[in-house]
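I want to look up a few things and jot down what I find.

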Number of protein chains: 2
Amino acid sequence: MEQQVHFLTLATADLDAARRFYVEGLGWTPLLDVPGEIVFFQVAPGTVLAFFETGSFARDLGTGPARPEVSGVTLAHNVADRPAVAALADRMAAHGGTVLTPPEEGAFGGVFHALVRDPNGVVWEVAHNPGWSVDPDGTVRLAQPD
Amino acid sequence: MEQQVHFLTLATADLDAARRFYVEGLGWTPLLDVPGEIVFFQVAPGTVLAFFETGSFARDLGTGPARPEVSGVTLAHNVADRPAVAALADRMAAHGGTVLTPPEEGAFGGVFHALVRDPNGVVWEVAHNPGWSVDPDGTVRLAQPD
């Protein structure tokens with residue numbers, strides 16, 4: 001597993017307030033802005049910070065007794081294809097991770113993903129995301145969702 | 001303000017479990033490992049993921065009625081000198097941020113910092129950290145703490 005965080009996603013109650021603060025206030029440029037749903041900012045070569053509307057965040061993560069620990073934060077690691085999602089989730093589980101969602105279609109963006117909790121409760125999304133790529137200089141490209 | 005997250009810090013109940021999972025399990029290499037306190041991993045060019053022992057995390061952030069919203073997560077943005085800490089905290093406050101801690105000496109690592117909550121409760125550490133630097137290729141360097 002490459003030592004890389006590709007997405008840091010934060011559940012966000014007020015997307016308009018986030019946009020005002022980061023875009024108008026701090027002068028940041030969104031990588032992709034889906035009104036009412038999510039705003040993405042590239043914050044390092046190859047790494048994206050996402051503000052995800054709270055209800056959509058919860059739907060994407062799923063609900064149920066397996067995840068009372070949901071904190072409003074996920075980290076994501078993207079892999080090259082669907083079999084690699086299962087392989088990495090298995091590796092995480094073999095080393096003390098807990099699979100919350102086995103590999104499946106995600107709710108958003110054509111992503112195929114698994115969710116794995118680390119031993120301290122940090123939730124990782126292990127994903128194959130066909131709409132995501134990184135240029136050689138670290139610039140992230142995200143396709144518009146359908 | 002450069003559009004960059006320099007540190008993503010997670011309060012961590014069991015540092016040994018984190019070390020087993022990320023180092024032994026996933027094969028990651030720590031950038032710096034301070035037993036019983038904090039383990040740092042570089043996870044993108046210029047960006048560090050830190051697992052910070054819960055008690056130390058809370059002490060570093062401070063406590064009190066101003067921060068019931070502490071979630072166990074902070075993002076950090078480093079600046080060149082101490083005056084720039086105050087300047088960026090002021091700019092954040094002018095655009096809807098809430099200063100939780102005005103610029104002061106931090107509890108750890110010789111850092112001079114302010115803590116500012118964004119409109120959705122995300123806590124930013126705005127810091128001048130003399131023990132931190134980034135090489136031109138994005139490699140992060142962290143000095144051993146005293």
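Predicted model: local features only at pLDDT ≥ 70, side-chain atom pairs only at ≥ 80, totals over all residues.

I began with A:F51, which is buried at a relative accessible area of 0% (buried means under 20% relative accessible area, exposed over 50%, partly exposed in between, with a 1.4 Å probe and protein chains only). Residues are numbered from 1 along each chain as its sequence is written, chains are lettered from A and ligands numbered from 1 in the order in which they are written, and side-chain values use heavy atoms, leaving out hydrogens and water.

**Aromatic pairs**

I looked up the ring rule next: rings of Phe, Tyr and Trp (its six-membered ring) pair if their centres lie within 6.5 Å, and planes under 30 degrees apart count as stacked, over 60 as edge-to-face and the rest as tilted. Why is the pair of A:F41 and A:F51 edge-to-face? The planes of these two rings are at 80°, with the centres 6.1 Å apart, so the pair gets that label. A:F41 sits in strand β3 (residues 38-44) of chain A and A:F51 in strand β4 (residues 47-53) of chain A, so their pairing ties together parts that are ten residues apart in sequence. (Helices, H or I with at least four residues, and strands, E with at least two, are DSSP runs numbered from the N terminus.) A:F41 also counts as buried, at 1% relative accessibility.

In chain B I found another edge-to-face pair, B:F21 with B:Y22, at 4.8 Å centre to centre and 85° between the planes. Both B:F21 and B:Y22 are buried. Ring pairs also link a cluster made of A:F21, A:Y22, A:W28, A:F41, A:F51 and B:W124.

**Helix α3 of chain B**

Which residues of α3(B) are buried? I found B:V85, B:L88, B:A89 and B:M92. They cover an arc of only 100° around the axis, so they are on the same side of α3(B) (the arc is that of the directions from the helix axis to the C-beta atoms). The face turned away from the buried side carries the exposed B:P83, B:D90 and B:A94. After α3(B) comes B:G96, with a positive phi near 100°.

**Where the chains meet**

I checked the contact (heavy atoms within 4.5 Å), and it takes 41 residues from chain B and 41 residues from chain A. The two chains bury about 3,200 Å² between them, 63% of it on carbon and sulfur atoms (buried area is the accessible area, 1.4 Å probe, that two parts lose on being put together, summed over both). On the chain B side, B:Q3, B:F21 and B:N120 lose the most area to chain A, together 22% of what that side buries.

**One last residue**

A:V5 is in the segment before β1 (7-12) of chain A, and counts as buried at 3% relative accessibility. Leaving out residues up to four places away in sequence, A:V5 touches several residues, including A:L75, A:W124, B:V43 and B:L49.
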